[in-house]
Each structure stands twice: as C-alpha cells, then as structure tokens.
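Thanks for coming, everyone. Let me put the structure up.

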Amino acid sequence: MPAVPASTAFLASRRRLFGALFSSAGVEHGGLAMRRPGRDGLRTKDLPQSPDALSFPPAAVRWLTRGTFGYSIQDHVEFNALGASDDARWTAWLTRQLNPAAINDGACDARIASAGFVTLNKTPNQLWNDHHSVTNNYSLRMKPIAETECMTVIRQIYSQRQLFEVMVDFWHDHFSVFGWDYDGGPMFPAFDRLAIRPHVFGNFRTMLQEVGMSASMMYMLDLYSSDASHPNENYARELFELHTMGAENYGGIVQNPDSFANMTLLGHYTAADGEEERLKYVDDDVYEAARALTGWTISGANWPYTPIAGVPLGQFAYDSSTHDQGVKRILARYFPASQGQADGVTLFDMLARHPRTARHVAAKICRRFVGGNPSTALIDSAASVFNQAWQASDQIAQVLQVILQSSEFKNGWGNAMKRPALSAVSALRATGADFTPKPDYTTTYTPTEEFMGRLQAAGHKLFYWPAPNGYPDDPIAWSSTGTLGMTLKMLPRLLEMHQTESYNNAYAFLIDVQSQTLGAFATSQRTAANIIGYWCDRILGYRPEPVHTVAVDFLRQNVAATVALDLTTDGTDNGHPSNTGTWTINNLSRHYTIARLRTAIGLILCSPEFLRR
C-alpha cells in the first residue's frame with residue numbers, strides 16, 4: 001500500500017519522529033547521510049533532536065515499563081486499584097510481585113499446557129536418556145531447549161508474575177549458557193527449572209552452586225571434564241570474572257600475590273571468620289579454583305560413560321577419584337589438603353560473601369532497572385544489602401527493594417532502550433496478542449518460526465548468545481543500524497502475522513487490532529483522533545508528540561482527524577477477507593483503511609517513546 005503524505009506538516013512531523021528515533025539510538029551529533037553526488041552527507045535541518053527533548057511518561061507508566069516485560073493498560077488498571085497514591089501503589093505492587101507464589105498464574109499455566117510441551121518437567125536423568133543420548137535425530141535431541149524457549153516467551157507475555165520473569169531473564173544473562181549447545185541443549189530445562197527459577201528472588205550463594213552443578217553450565221564451560229591430571233580453568237575463570245567478583249577486580253598475573261606488598265597493592269579485607277582475603281583476584285586464583293573444583297562432573301559424561309557412585313546418568317556427581325586433593329590457596333585463603341568436595345563448597349562460600357561480588361552483581365541489577373550509568377550511591381546501597389544479607393533466603397528480594405524504591409529508579413527515564421526481544425514481547429503484551437509459540441517440525445512456516453527467526457536476525461534470540469557473558473545491557477550494543485533496523489522491521493510485522501501459518505490470510509491474526517478497535521468505538525466514533533489516542537494509551541500509556549500527531553495524520557489521510565473512518569469494508573483474498581480494506585486511490589481516507597490502521601499502530605511501536613525505557 002502506498003503511504004501518501006497528506007501535507008507538508010505530515011512530512012515535517014515524520015522527519016521529527018524518525019529523527020528522534022535515531023537520536024534515541026545514540027545518534028546525537030551526526031547528520032543523516034544524503035547519498036547524492038557532490039553532497040557531503042550533512043544538512044543542519046536533518047540533525048536529530050536531543051533525547052532530552054522527548055516526552056516524559058507518567059510515573060506509573062515508567063515504573064511498570066521497567067518492572068515488567070512492557071507496559072500494558074491492564075497492568076495499569078490493576079496498579080491504580082492498589083492504593084491512594086502512586087508511591088503507595090508502587091509499594092503494594094512491589095510487595096505483591098516479590099511474593100510470586102501468592103499470585104494466581106493459572107491462565108498462563110493453562111496456555112503453556114495447551115502447547116503440549118513434553119520436556120519441561122523431565123528430570124536430568126530423563127532428559128539424558130530421552131534426548132541427550134539421541135544422536136540420529138537432531139530435532140528430538142534439541143527439543144528440550146526449543147520448548148524452554150517457547151515456554152519462556154509465553155511467560156514473558158502472559159505471566160502475572162512479571163517482575164519474577166524479568167529477573168529470570170536477568171539471571172539467564174548473568175549465568176549465560178548457549179542453549180543450543182549440542183550437549184548442553186538437551187539438558188537445558190533442568191538448568192532453567194532447577195538452577196535459575198527457584199532462586200530468582202532468593203539466595204545468591206545457593207543459586208551460584210546450583211548453576212555450577214547443572215549439566216548445561218558444565219558443558220558450556222567444560223567443568224564436567226576437569227580432573228586432577230588436567231584441571232580445566234574455563235569455568236573457574238568465568239566464576240571469578242562474570243559470576244561473582246567481576247572482571248573489574250582482575251589483578252592480572254602477579255608473582256607471589258599474597259606477599260605483604262602485593263596484598264597492599266591488590267587490597268584485602270577481613271572475612272567473617274577473621275581470615276584476610278584479597279579484594280582482587282589474579283591468575284593464580286583461577287588456577288587454584290580450577291583445582292578446587294576438579295571431580296565436580298556429570299554422571300556418565302566421561303569415559304567409560306557409566307554412572308558415578310550410583311548417581312543416575314545426567315545428574316551432578318562428585319568423583320573423588322579425579323579430585324586434586326592437594327593444598328590450595330585462593331584469594332590468600334589457605335585450603336588444607338584432602339578436603340574433597342568441601343574445597344568447592346568453601347570456594348562458593350567465600351565468593352558469595354565477598355564484598356566485590358556484592359558490588360559487581362548489585363551494579364548489574366541496577367543497570368537492568370535504572371539504565372546504563374547508575375549512581376555510585378545507588379550501587380553502594382544495593383551492594384551493602386547484598387553483602388549483609390548474603391545468607392538470607394530472600395537476599396535478592398531485599399536488594400530489589402532498595403533499587404526499585406530508590407528515587408533514581410522512580411525519577412529516571414530514557415537511560416536505556418529496549419533490547420529486541422523485550423521490544424517484541426512488549427508489543428505483544430500491549431496489543432493484546434494471542435500467541436502460543438511452540439516448536440514445529442513440519443514444512444509449514446509457522447508464526448513461531450517467524451518470530452524466533454526475526455529475534456535471531458535482530459541479534460536477540462533467547463538463550464542464543466554464544467559467549468558466557470550474556471546479552472549486554474548497554475544500549476550502545478543495541479543501537480547499530482543492523483540491530484535497530486531489524487527491530488524496526490520486526491515490530492510492525494507482528495501486526496501482520498497469522499495463527500498457524502504466518503503468511504496465510506485464511507487464519508486469524510496473532511494481534512487482531514481491527515476487532516479490538518471496532519469493539520472500542522461505535523461506528524460514528526471511529527475517527528483517527530480517537531483511534532490513535534486509544535492505541536497510544538494502550539501501547540505507551542500516554543499520548544506523546546510528535547508520535548501522536550504523526551500517527552493521526554497518517555491514519556486520517558485527506559480528511560479531518562474527527563471524521564469517522566470505514567474500518568469494516570473489505571476485499572477478498574482467495575475467498576477469505578483480505579484484511580486490507582479496499583482500493584480507493586481517489587480518496588486516500590478510504591484507501592486500504594484496515595491495512596492502514598495496522599501500519600499506523602506500527603508507527604507507534606517504532607517510535608522512540610516505545611523503544612526507550
């Protein structure tokens with residue numbers, strides 16, 4: 001359908017809209033390229049406006065956008081019933097969300113059940129026998145990760161436990177595993193169900209060890225094959241660099257790191273038991289930690305591929321015959337000889353209670369909720385609670401209370417942008433999508449295949465980051481022309497996808513915006529002004545400019561914004577409704593109005609206000 005502008009004002013407002021979009025992606029000082037012979041590519045009037053000039057949503061919209069997988073008007077209605085003021089409502093909302101077991105999530109559970117998943121609740125031993133051992137059927141072997149991916153998207157869209165799902169996503173990035181690894185993929189549901197989800201708001205120390213003992217992480221970082229004769233440092237290095245203390249506390253290669261001079265140089269503190277430990281780790285600590293974790297493996301993963309000490313295949317096992325029983329020294333702490341599996345337990349203890357771990361993890365959580373540059377004061381406050389509560393069963397919930405009740409969280413906006421998967425899920429939530437993704441092994445091009453493929457094209461397919469550092473939270477990482485371009489192609493496409501067979505008009509839309517619009521307004525009230533106001537409220541929570549005016553102008557075309565539009569007259573496509581409206585080139589307000597409605601809503605989804613958080 002040709003998009004014919006109605007006026008010079010439309011052109012100007014559209015330029016402002018997309019200028020603001022580029023600006024929100026970090027393009028603040030460069031001009032838009034004019035690729036014509038003899039032009040230098042810069043025109044002053046094409047410079048995008050500063051993100052600071054963009055609109056500021058109401059408080060509840062900002063908080064719900066960042067505390068969930070995207071603002072929805074239903075969430076806002078429920079939020080408004082929780083108290084007499086926004087602050088009181090937020091406190092009540094947060095208290096409720098931090099107790100997910102008390103939230104009825106039956107509707108989401110029913111949707112998951114309707115998908116017919118068969119691998120999600122299997123034990124590690126069942127996953128091993130039913131999938132990991134399969135070598136002649138790749139689809140069956142990788143079905144567990146495919147089903148976990150689909151289940152995760154369903155929960156992100158439909159779960160009432162939204163803050164919980166946001167933190168599930170956070171911890172999967174923090175303890176990043178490439179879900180489609182040939183050996184780790186078949187075991188992935190157990191990693192998600194047993195190592196991550198039970199501890200989302202709980203105790204970091206408990207989660208840290210459960211992650212280390214999971215088959216998917218062991219395969220990701222080779223811990224399963226580490227033994228006394230050949231200690232493998234991959235997991236030990238990432239344990240320090242990513243999972244606990246952070247690369248910012250790496251001291252390098254230091255000879256005799258525990259000498260008085262080097263302890264002073266690298267810093268030290270007194271642990272709870274009175275022992276002095278270093279504040280920075282060095283390569284020797286990584287090597288010694290690798291030795292401490294030798295013997296931690298998966299039953300049946302190593303030759304002769306038989307159960308270890310009667311442990312069922314696929315489950316964590318400690319093999320004392322492959323453990324390095326010698327003396328060790330880590331962060332200046334002495335590990336006596338012949339301590340067996342206790343070496344690893346002690347290592348997890350000391351890293352979980354270490355002050356630099358508290359600061360590293362707290363800073364990452366702050367960045368997830370506040371933006372790319374949280375203040376030192378907020379990080380210090382969150383790290384202090386993380387450290388003091390290191391043994392508490394609700395340690396992470398306490399840290400979240402500090403961050404999400406802070407003035408920095410409450411007053412901030414626009415310091416981050418939605419990553420592609422968050423953008424897509426946010427769009428599905430806001431527009432009332434009916435989408436139950438599930439793996440398909442037929443030749444039909446399903447909406448699940450298209451959705452997952454578009455996430456991959458935008459660089460954000462779930463559990464698909466190949467490195468152990470997880471998908472970045474830095475907005476600069478998501479502001480490239482490639483990633484942003486594929487995101488902007490994906491968002492309006494969601495409005496065109498069909499159930500069962502993505503491109504087949506014989507099936508219903510995933511998002512039936514036509515029916516929703518017709519249901520919202522009587523025939524005489526279906527004006528561009530009313531319709532765009534309604535969808536701005538649904539998607540953004542308010543009606544910012546220039547987004548609102550641009551979308552109104554596009555939808556109304558050559559009639560006033562207060563004139564009712566025909567959103568019911570339609571053509572046919574192979575005997576089915578074409579879902580476009582009709583060809584009326586001599587009157588653009590009647591030209592493909594049904595399709596134009598979807599495109600107008602797509603403009604809102606591609607706006608900087610939607611992409612910011």
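Quick ground rules. This is a predicted model, so local features need pLDDT of at least 70, side-chain atom pairs count only at pLDDT 80 or more, and totals for chains, interfaces and linings use all residues. Residues are numbered from 1 along each chain as its sequence is written, and side-chain values use heavy atoms, with hydrogens and water left out.

Back to the rings. Rings of Phe, Tyr and Trp (its six-membered ring) pair if their centres lie within 6.5 Å; planes under 30 degrees apart are stacked, over 60 edge-to-face, and the rest tilted. That rule gives 24 aromatic pairs. Take Phe164 and Phe201: centres 5.8 Å apart, planes at 85°, edge-to-face. Phe164 is in helix α9, and Phe201 is in the loop between α10 (188-196) and α11 (204-213), so this pair ties together parts 37 residues apart in sequence. Helices here are DSSP runs (H or I, at least four residues), strands are too (E, at least two), and numbering starts from the N terminus. Both Phe164 and Phe201 are buried. Buried means under 20% relative accessible area, exposed over 50%, partly exposed in between (1.4 Å probe, protein chains only).

Next pair: Tyr534 and Trp535. Their ring centres are 5.2 Å apart and their planes at 80°, so this one is edge-to-face. Trp535 has 0% relative accessibility, so Trp535 counts as buried.

Charges over rings now. The test is NZ of Lys or CZ of Arg within 6 Å of the ring centre and within 35 degrees of the ring normal. Arg66 lies over the face of Phe409, 4.4 Å from the ring centre. Lys418 has its charged end over the ring of Phe610, 3.7 Å from the centre.

A cavity is a set of points on a 1 Å grid, over the protein atoms alone, where a 1.4 Å probe fits but cannot get out; lining residues have an atom within 4 Å of a point. Points join across faces, edges and corners, and volume is the space filled by probe spheres set on them. How many cavities of 30 Å³ or more does the structure hold? Five.

The largest cavity has about 190 Å³ of space. Its lining has 17 residues, and the closest to its centre are Asp169, Arg368, Arg419, Leu422 and Arg613. Six of the lining residues are nonpolar, four polar and seven charged. For those classes, Ala, Val, Leu, Ile, Met, Phe, Trp, Tyr, Cys and Pro are nonpolar, Asp, Glu, Lys and Arg are charged, and the others, Gly among them, are polar.

The second largest cavity has about 120 Å³. Of its 13 lining residues, His172, Asp173, Leu462, Phe463 and Tyr471 are closest to the centre. Helix α9 gives the largest share of that lining, three residues.

Phe463 has another feature. Its phi is near 60°, positive in a residue other than glycine. Phe463 sits in the loop between α22 (447-457) and α23 (481-494).

Cysteines, briefly. With a disulfide defined as two cysteine sulfur atoms within 2.5 Å, the count is zero. For Cys150, the nearest cysteine sulfur is that of Cys108, 13 Å away.

Last item: cis peptide bonds. One joins Trp303 and Pro304, with omega about 10°. Another joins Glu545 and Pro546, again with omega about 10°.

Key. On a 1 Å grid over the protein atoms alone, a cavity is a set of points where a 1.4 Å probe fits but cannot get out, and a pocket is an open set with protein on both sides within 12 Å along at least five of seven lines; lining residues have an atom within 4 Å of a point.
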